[in-house]
Amino acid sequence: MKNNKGFNLINVIIIMCITSIISGITAGVIVTNGYNKKTGLSYNELANDGNLKEFLEVYSSITNNYYEDVNKEEMLDNAIDAMLNYLDDTYTTYLNDEETANLEKKLAGKYKGIGIQVLGNEIIEVMSDTPAEESGLMAGDIITKVNDNIIDENNTAQIPNYINDSVDDLAKITILRNDQSIDFSVKIADIYTVDVNYKTYENNIGYLDIDIFSKTVGEQTKKALTSLENSGMQKLIIDLRDNTGGYLESAEDIANMFLEKGKLIYSLENKNASADYYDETDEYKDYPIVIILNEKSASASEILAAALKDSYGATLVGTKSYGKGKVQQTYTLNGGSMAKYTSAKWLRPNGECIDGIGLKPDYEVVQTVTRDENGNIIQEEDTQLSKAIEIINTL
């Protein structure tokens, strides 16, 4: 059989390296910092790697000699998937292009749009401080036309696409309100997803609920804290229940808002190096903090909770957290898919690794749920929040 390699090894290596770029982190995963970048293999080392040469020779032989046409992109995607599966690690996986896009969108913290939510062709919510609100669109309006597209029951799912395809970022929307047809011109802008909710309770207690550590959650948290502090807040409850994680940098940014300069936030360890990450900002807080956790509080949530517990003195309430003490490196490949693998473990400021263990609350409180005879939930009392309020009133 003819053995035709078909390409130069160095060229292939360069192409593969260029087309694999570092991507954003996905939900429940933590991106690594730059401390481990120095340990990467050089082009020279890759070129002299006998195992890699053998892989490329097989790849060349298949693409040139297989009896049918080969989809090279799919074949390489499957090869990458196989490598990740070989590692047999819970957090090491391969995401196709659609899964990657969905997760990155979820963590982006913002999107292009006008600020409405629709059900069918009815506007069910107009978000505050958005172009839709400024233009006068209202919940209950029925969308009948977007630009040149007449809306009926067959294309309501296309409304977001029609809006985003608007010329000069100006959407022309016709709605029906009280049997009256009204035309609007609405500017398309960056719409921030609401990842932080906040309010106040009696006795100057602030409540901050963080849903996910998106790219914009730090900015949202800062605005929320400013509002709470301006209203006279003297104590704070941070709710991290059901928050499965997100960007490490976002958790670090929020920790920087509270810790004194020089306080340890977390440490990272891989097989070659270790590094400590400290608060380097002048910003800090000095009011009491209680953090609510549950079994779905994971990853970046645990990093923030551990940092505030160990380096600030926060009190933990609820149930034991998930226990994800590993860090992933992510790469987006040429076709939009993503390879994600564990590259390090993180340690809380007291030196402990919580992987598989979780954070144990200072006050363990199980949520109380009342069910009917058929097992359906008829009442859910937030006993964890009630305990957090009780405790913070004593601090």
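At what angle do helix α3 (residues 50-65) and helix α4 (residues 72-86) pack, and how far apart are their axes?

Modeller: Happy to. This is a predicted model, where local features need pLDDT of at least 70 and side-chain atom pairs count only at pLDDT 80 or more, while totals for chains, interfaces and linings use all residues. Residues are numbered from 1 along each chain as its sequence is written, and side-chain values use heavy atoms, with hydrogens and water left out.

Now to your pair: α3 and α4 pack at an angle of about 145°, and their axes lie 12 Å apart. Helices here are DSSP runs of H or I with at least four residues, strands are E runs of at least two, and both are numbered from the N terminus. The axes are lines fitted to C-alpha atoms, for helices over the stretch in contact, with angles from 0 to 180 degrees between N-to-C directions. The crossing of α3 past α4 is right-handed, meaning that the near helix is turned clockwise from the far one by less than a right angle. On the α3 side, Phe55, Tyr59, Ile62 and Thr63 meet Lys72, Met75, Leu76 and Ala79 of α4, where contact means heavy atoms within 4.5 Å. By class, this contact has 6 nonpolar, 1 polar and 1 charged residues (Ala, Val, Leu, Ile, Met, Phe, Trp, Tyr, Cys and Pro are nonpolar; Asp, Glu, Lys and Arg are charged; the others, Gly among them, are polar).

Helix α8 (residues 217-230) packs on helix α9 (residues 248-258) at about 25°, with axes 8 Å apart. The crossing of α8 past α9 is right-handed. Val217, Gly218, Thr221, Lys222 and Leu225 of α8 meet Ser250, Ile254, Met257 and Phe258 of α9, a contact with 5 nonpolar, 3 polar and 1 charged residues.

Turning to the strands, β8 (residues 170-177) and β9 (residues 180-187) run antiparallel and are joined by 8 bridges; strands pair if DSSP finds at least two bridges between them. Leu170 has Lys187 in β9 as its bridge partner. In the hairpin, with 2 residues between these strands, Asn178 takes a positive phi near 55°. Strand β6 (residues 142-146) also pairs with β8, antiparallel over 4 bridges. Leu176 in β8 faces Ile142 and also stands opposite Ser181 in β9.
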